Amino acid sequence: MRASKTITSHAAPQSSFRQADGKPVLVAGPCSAESEEQMLKTAQALTKVEGVSVFKAGIWKSRTRPNSFEGVGDVGLAWLKTVKQETGLRTACEVANARQAEAALAHQVDILCISGRTVVSPFAVEEVASAIKGCPVPVLVNNPVYPDLELWIGTLERLHQAGITDLAAIHRGFQASEQYPYRRHPRWDYMQQLKQLLPDIPVLCDAGHIAGKRSLMYPVSQRAIDLGADGLLFESHISPGEALSNPQQQLMPQELELLVNAIRTAVKLDETAQLVDQLDDLSQQMDSLDDELLELLLRRSDMTRKISQQRLGFAAPDLQGTRWKKQLENWLQKAGQEGSDEELVKSVARAIHQHTVQAQNNSMGSSAVA
């Protein structure tokens, strides 16, 4: 994949998301704005956590299905403005469309974050970029919901072309079929690729969103810093047990202070860190095996097609059926010996056999027409 010369050659000379002393930028605040009191109490407590310079709160919450808490809406922007006035912290919120971006700017929100669900739609990104065109506002870009480096980079490019030069990316993990023990699979390789392709763009890691639980917050944060992340985002609530969304991944400000100190001193939590290392390694091995499996299936499909073309109308279904049953028996025997899932073997074998039969039928049909 090519790097974006447009961004790398004209990046802002000084970024809001990369500190001169090399210390990570720290962003914290509640997953959702719930009341002005909740916002102010949380923000005031966060001012005591060394390094936290940005207060971020969810104003609008994108939900897959209706009739669930979707955020307080525009009223929360007034609360953010009060937080800035009372604490001096810069403020940030996530926006999903042009109207939300315009409303946030009208309430003097300091930093906009582009929703990961928005990133998947170039049309939506273009609308947001047009709405904030030329504004000297720093913008953070979440990774798309599913792993797609092109979409992530494309959003950064569209914003830059709209005159937004103070840009950074947020790595918050991806939806995947195998996510345990995380809420969102970190896929650290995507963060590293983005850093290699766009070295002038800071990358922050949303540790809470990846971890999904307090017990994994430290190893995820430490891994991100070790891999060169320029900053970290955390969800913090004055009373997590009463939070209206994601209570399990929100920290009390006092807990966050302990976590930040642990990161700063590189404390070793051997048992948890070892578990995460092992799972990350196994996940990478699984990704490689999936790639190999796909390559083998494609090669087999091509071989089936070639054989069918050569045999045309002379296939012997009975002979093929006997051969396939014998092959399946051998596979099941091997699976049993290794303690593997025999149902998985049967389902894969059935799919391969059906594909082979279909290829032969297609070839016979073509031969009859000819």
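These are my notebook entries on one predicted protein model.

**Entry 1: ground rules**

I am working with a predicted model, where local features need pLDDT of at least 70 and side-chain atom pairs count only at pLDDT 80 or more, while totals for chains, interfaces and linings use all residues. I number residues from 1 along each chain as its sequence is written, and side-chain values use heavy atoms, with hydrogens and water left out.

**Entry 2: the whole chain**

I began with the helices and strands, and the chain has 14 helices and 9 strands. Both are DSSP runs numbered from the N terminus: helices are H or I with at least four residues, and strands are E with at least two.

Next I looked up burial. Buried means under 20% relative accessible area, exposed means over 50%, and partly exposed is in between, using a 1.4 Å probe and protein chains only. Of the chain's 370 residues, 44% count as buried.

The chain exposes about 19,300 Å², and carbon and sulfur atoms supply 52% of that. These areas come from the Shrake-Rupley method with a 1.4 Å probe; for residues, only the protein chains shown count as cover.

I also checked contacts, meaning heavy atoms within 4.5 Å. Among contacts with a separation of 6 or more, 72% come from residues 24 or more positions apart.

**Entry 3: walking across the strands**

Which way do β2 and β3 pair? I found strand β2 (residues 52-56) parallel to β3, over 3 bridges. Two strands pair if DSSP finds at least two bridges between them. One link to look for is valine 54, whose bridge partner in β3 is arginine 90.

Strand β3 (residues 90-95) has 5 of its 6 residues buried, so the rest of the structure largely encloses it.

From β3 I moved on to strand β4 (residues 111-114), which runs parallel to β3 and is joined to it by 4 bridges. Here alanine 92 has isoleucine 111 in β4 as its bridge partner.

β4 in turn is joined to β5 by 3 bridges, again in parallel, and cysteine 113 is partnered by leucine 140 in β5. Then 4 bridges join β5 to strand β6 (residues 167-171), also parallel. Leucine 140 turns up again here, with alanine 168 as its bridge partner in β6.

The chain goes from β5 through helix α7 (residues 149-161) to β6 in a right-handed β-α-β crossover. Right-handed means that, with the strands pointing away from the viewer, the path from the first strand over the helix to the second runs clockwise. I noted two further right-handed units: β2, helix α3 (residues 75-87) and β3, and β3, helix α4 (residues 98-106) and β4.

Which residues touch the most other members of the largest nonpolar core? They are Val139 and Leu256, in a core of 71 residues. Such a core is a set of buried Ala, Val, Leu, Ile, Met, Phe, Trp, Tyr and Cys residues joined through side-chain atoms within 4.5 Å. Another core, of 12 residues, lies apart from it and includes Val27, Ile111, Ala168 and Leu204.

In α4 I found Ala98, Gln100, Ala101, Ala103 and Ala104 buried. Their cover includes α3, β3, β4 and α6 (122-131). Asparagine 97 caps the N-terminal end of α4, with a side-chain oxygen 3.3 Å from the backbone nitrogen of arginine 99. That is a polar contact: a pair of N or O atoms within 3.5 Å, where, within protein, one must be able to donate a hydrogen and the other to accept it, and residues adjacent in sequence count only if both atoms are side-chain atoms.

Why is helix α10 (residues 217-226) largely enclosed by the rest of the structure? It is because 8 of its 10 residues are buried. After α10 comes glycine 228, with a positive phi near 95°.

**Entry 4: serine 15**

Serine 15 sits in the loop between α1 (5-8) and β1 (25-29). With 19% relative accessibility, serine 15 counts as buried. Its side chain reaches the backbone nitrogen of phenylalanine 17 at 3.0 Å. Leaving aside neighbours within four places in sequence, serine 15 is in contact with Asp166, Leu167 and Pro202.
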